[in-house]
Amino acid sequence: MGGHPSFQAFLAKYPKTRYLDAYFQDLSCVFRGKRYPVDQAGKLFSSGLMIPGGSFLLGVNGDSMDPEGMGFSDGDPDELGMPVPGTLVNCPWAQVPTGQFMVTLQGLDGEPYYYEPRNVLARVLDRFRELELQPVVAFELEFYLLDLARTPEGRIQVPVGPLTGQRGDTTQVYSMDDVEEFGLFLDEVTRTCREQGVETGAITGEYAPGQFEINLMHSDNPLAAADHCVMFQRAVKSIARRHGCQATFMAKPWAEQSGSGLHLHVSLLDRDGNNAFDGGGRYGDRDCGSDLLYHALGGLGDTMADCLGIFAPGINSYRRFVPNLCVPVTSDWGFDNRSVALRVPKSDGAARRIEHRIAGADANPYLALGALLAGIHHGIVNHIPAGPPATGNAGEKADTDLPFEPSKAFARTRASSFLAGYFGEAYVRAYTSCKLNEYQAFVAEDREETAWYL
């Protein structure tokens, strides 16, 4: 069959493989790509495959929003998709033996495709090389399991527990019974992730029936960490189907239940490999953090309103922002405080970090991380002060300076000179055109919010 050495090594390990999926996650976190018979797949590792670049600018329901004239207007031209190194893995959930690898787009001249979220993140990461600082990041994602069957009214519902035969209907955060109830599913997710090279950590039953969180481990390769987040999401969704369920990273499936967040942990290493956020003092005292930490916090607070359209990318996303539900509704920071947007978790100095808590689980991992790191860089290079930490319940009342309404948030993101400077002006315009067009189509059709992001 020929092909790249990594492809040959994969076939030697999985000789029964019949197909190979070349895939990517688009702007709205939908998995797209092509499936190839394995005897035709070897050439992809040298010559790649052609994919319309506009695939990265589709609306959440798969519609072409023709943002900034890309899609219908320009003839939907192709770009060259090349394999992302290290992402060729087995898909144990597939009905027939199948492997997968992620693709990243580029021109025939090798120039990275400007409108791909992965390449947007790469542009932000270049800024940290100039500072000789290395971000270390970790993703935490919450998700719901849903029954494949809907209620008689056509509504979503939590699945029947495999052990008890009952549907959960109570809030039991950190419930070990809930984890055990879906233990086979959760175990298959973690085993599959391990086989695919994605390191997972703690498993938690979250604040609503059928809601779980599985932590991904810290990595000093932010681009690979985002790749692993995408691989994790595909594994969760695919394995859930094998267990007769549907997994959703929708931000707020039920108005009366807790939302699902994408929490991002980040620290910075200096040129000697030391944690640049550590100030050496006792945790909770001001000197436990360095000047870099407080400038990073200041930058994140200063840019949060501009970035809300990235952290909350859909109409449903904004149902999550409700006071007194451990969801940030201000731009405050604090020590060991889950009511703030920017939490400095309790730890020793070597693990001093920021937990960014405002993004929803429906946010694109590359763009969410890119906006977070851009805010940190902005704070550091401009020496933006953080101000005092919040204490008590910072989430009792929403900050009126944050645009917690979709059209206002996307308009604020569109007008942001800060984001244009990091993501690229043309990218911000294309992204917000897609989202504003999506919003207008939703309003015009008056469709159900729960149809989104499933």
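The largest nonpolar core of this predicted model holds 124 residues. Phe139, Phe232, Ile376 and Phe423 have the most contacts inside that core. A nonpolar core is a set of buried Ala, Val, Leu, Ile, Met, Phe, Trp, Tyr and Cys residues joined through side-chain atoms within 4.5 Å. Buried means under 20% relative accessible area, with a 1.4 Å probe and protein chains only. Leaving aside neighbours within four places in sequence, Ile376 is in contact (heavy atoms within 4.5 Å) with Phe128, Val266, Leu268, Ala296 and Leu300.

Residues are numbered from 1 along each chain as its sequence is written, and side-chain values use heavy atoms, without hydrogens and water.

Now the strands, which are DSSP runs of E, at least two residues each, numbered from the N terminus. Strand 3 has a covered face of Leu49 and Ile51. Its uncovered face has Met50 and Pro52. Met50 stands opposite Leu80 in strand 4. The two strands pair in the antiparallel sense over 4 bridges; pairing takes at least two DSSP bridges.

| Strand | Residues |
|---|---|
| Strand 3 | 49–52 |
| Strand 4 | 78–83 |

Terms used: This is a predicted model: local features need pLDDT of at least 70, side-chain atom pairs count only at pLDDT 80 or more; totals for chains, interfaces and linings use all residues. Buried means under 20% relative accessible area, exposed over 50%, partly exposed in between (1.4 Å probe, protein chains only).
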